[in-house]
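Please prepare a short briefing on the structure shown below.

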Amino acid sequence: MLALLVMICLLVSLAPRPAWARQAPLVAQTIQPYLDRLTEAVTEFTLDNGMKFIVLERHQAPVVSFMIHANVGAVNEAEGKTGVAHYLEHLAFKGTSRIGTTNYRAEQQTLKAMDQLFDRILAAEAAGDQATKVKLQAEFDQLAAQAATYVDQNKYGQIIEQAGGVGLNATTGADETRYFYSLPANKLELWMSLESERFIDPVFREFFEEKNVILEERRMRVDNSPIGQMVETFLETALERHPYRRPVIGYQADLYAATRQDVQDFYDTYYGPGNLTAVVVGDVDPEVVRSLANTYFGRYRSRPTPPPPVIDEPVQTEPRQFTLTLPSQPWYLEGYHRPGLSHPDHVIYGIIDSLLVDGRTSRLYKALVEKTQVALDIGSVNGLPGDKYDTIFLLYGLTAPGHSPGEIGTLLGEELKRLREQPVSATELDRVKTQARASLLRRLNSNSGMASLLAEYQAKTGDWRNLFRDLDTIDQVTAADVQRVAQSLFQPNQRTVGQLISPLPGSTQP
């Protein structure tokens, strides 16, 4: 029942994105004093090169969580170059000219020769010259084998693991790319050294090996997945020109044709220090962090401010719909345009999301799963595929045996009409507001969760304090606010509907 939600997470953000958590309410009677203490424990500073640091002292345990949030994602990619942001996330772990190689000078020459051969292979393919392509491919394979002899496999990860590090990972989304892990507190300088080196001196080795990995991910998650195809088609239907319409993982043709130079150009444009936010949460002294940051990251030369993505999506004026017939359980998707994270009503969209789908007491679960049993499960994505810019509020349902996706659509329409026309009760609103507060507070309780949220709010809204202001805003939401935003959001002319149905018995359709 969670298949679509999992697939959407994989497709639109190759990592979990902040959302209203599906968890039991957390009773917190002293929220504001707690938030005040957190705010007072935060130190922030910006290096001369423009790199932002946010430091939160937490001395309960001798550990530190680190997050570097690059303010760039798939939304920043050029047409025909999709998937480059994801490539860069993979390649960022391959090391530097000193880490991950046994002979960098020889390796560098081999990688350059491979790049040149690949360009010739692409030219031969474009010309339809199969004989030349086969010859060049054989030469390329020999160089690839030679390059592999210079690689000190996973050296970067080994250094971190040997130092007691855990959780080494990275994620690519529509709006951001994040690099994170945790270390013992006495390894702060190691983090500064390693991270500054890989951002100042990255070597994108094993590029073509990662190309094969990413192409296989694309085949698994989209080309061979009915749900993956459904989500990709939905975004292409709901959005006409918005860069959110393109898949985070990239299109197959773009992924195949990508070169190391494409990755280098993207890195040079978007990975300047002024486009990075580093967050350090745990058992640290902020002044020590500041000193080490200047020593290590201060070497990072500033770069021009990268261009913002072009967002020129026209207003949708009439409903859109499509149907895919594929061997799959039937699914129903319905989405509406909504503004991004910085909009004053952002929290209210989260409240509406919770009212509709948050747990077994939610309106859609009771109406579609319990009462009528037309759906086996329902869900939502409040910001598909990202939420920094205007985006899509998605609702979906897995059709129960003996029922059709259209039945889900009919009942869903009735519930959305009720939300538009009838004020939500005080009891129901209080329950949802409690759940919303609990969602944020639980994430604040862990060092890694706090690092993630502080970085996200700083990068997307311009001020990490907006994270704490959201908790206060939740308390201020009224039934009239919910009804007002519901009336604005759930407009038929802004609706896109997708239905995934199974082929009829005996059908020749795939």
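A residue is called buried when its relative accessible area is under 20%, exposed when that area is over 50%, and partly exposed in between (1.4 Å probe, protein chains only). The model is predicted, so local features need pLDDT of at least 70 and side-chain atom pairs count only at pLDDT 80 or more, while totals for chains, interfaces and linings use all residues. Residues are numbered from 1 along each chain as its sequence is written, and side-chain values use heavy atoms, with hydrogens and water left out. Helices (H or I, at least four residues) and strands (E, at least two) are DSSP runs, numbered from the N terminus.

**A buried charge**

- Lys and Arg count as positive and Asp and Glu as negative, whereas His and the chain ends are not counted.
- A salt bridge is a side-chain nitrogen of Lys or Arg within 4 Å of a carboxyl oxygen of Asp or Glu.
- Asp470 belongs to helix α18 (residues 466-476).
- Asp470 is buried but has no salt bridge, and its nearest side chain of opposite charge, Arg469, is 8.5 Å away.
- Apart from neighbours within four places in sequence, Asp470 is in contact (heavy atoms within 4.5 Å) with His346, Val347, Leu440 and Tyr457.

**Salt bridges**

- By the rule above, the count of salt bridges is 32.
- Arg469 forms one of them with Asp463, with the closest N and O atoms 3.4 Å apart.
- Asp463 counts as buried because its relative accessibility is 18%, and Arg469 is partly exposed at 41%.
- Salt bridges that share partners join Glu44, Lys52, Asp463, Arg465 and Arg469 into one network.
- Glu217 and Arg221 are also bridged, their closest N and O atoms being 3.5 Å apart.
- Both Glu217 and Arg221 are in helix α8 (residues 207-223), four residues apart, which is about one turn of the helix.
- Glu217 and Arg221 are both buried.
- Arg241 and Asp312 form a salt bridge with their closest N and O atoms 3.4 Å apart.
- Arg241 is in the loop between α9 and α10 (252-257) and Asp312 in the loop between α12 (286-296) and β7 (320-325), so this pair ties together parts 71 residues apart in sequence.
- Arg241 is partly exposed, with a relative accessible area of 48%, and Asp312 is partly exposed at 36%.

**Aromatic rings**

- Rings of Phe, Tyr and Trp (its six-membered ring) pair if their centres lie within 6.5 Å; planes under 30 degrees apart count as stacked, over 60 as edge-to-face and the rest as tilted.
- The structure has 24 aromatic pairs.
- Phe66 and Tyr181 form a tilted pair, 6.4 Å centre to centre with 55° between the planes.
- This pair links distant parts of the chain, with Phe66 in strand β3 (residues 63-70) and Tyr181 in strand β5 (residues 177-184), 115 residues apart.
- Phe66 is buried at a relative accessible area of 2%, and Tyr181 is buried at 2%.
- The ring centres of Phe140 and Phe208 are 4.8 Å apart and their planes are at 85°, so this pair is edge-to-face.
- One aromatic cluster is formed by Phe93, Tyr156, Tyr179, Phe199, Phe204, Tyr267 and Tyr271.

**A loop residue**

- Gln491 is in the loop between α19 (479-489) and β11 (495-501).
- Gln491 is partly exposed because its relative accessible area is 30%.
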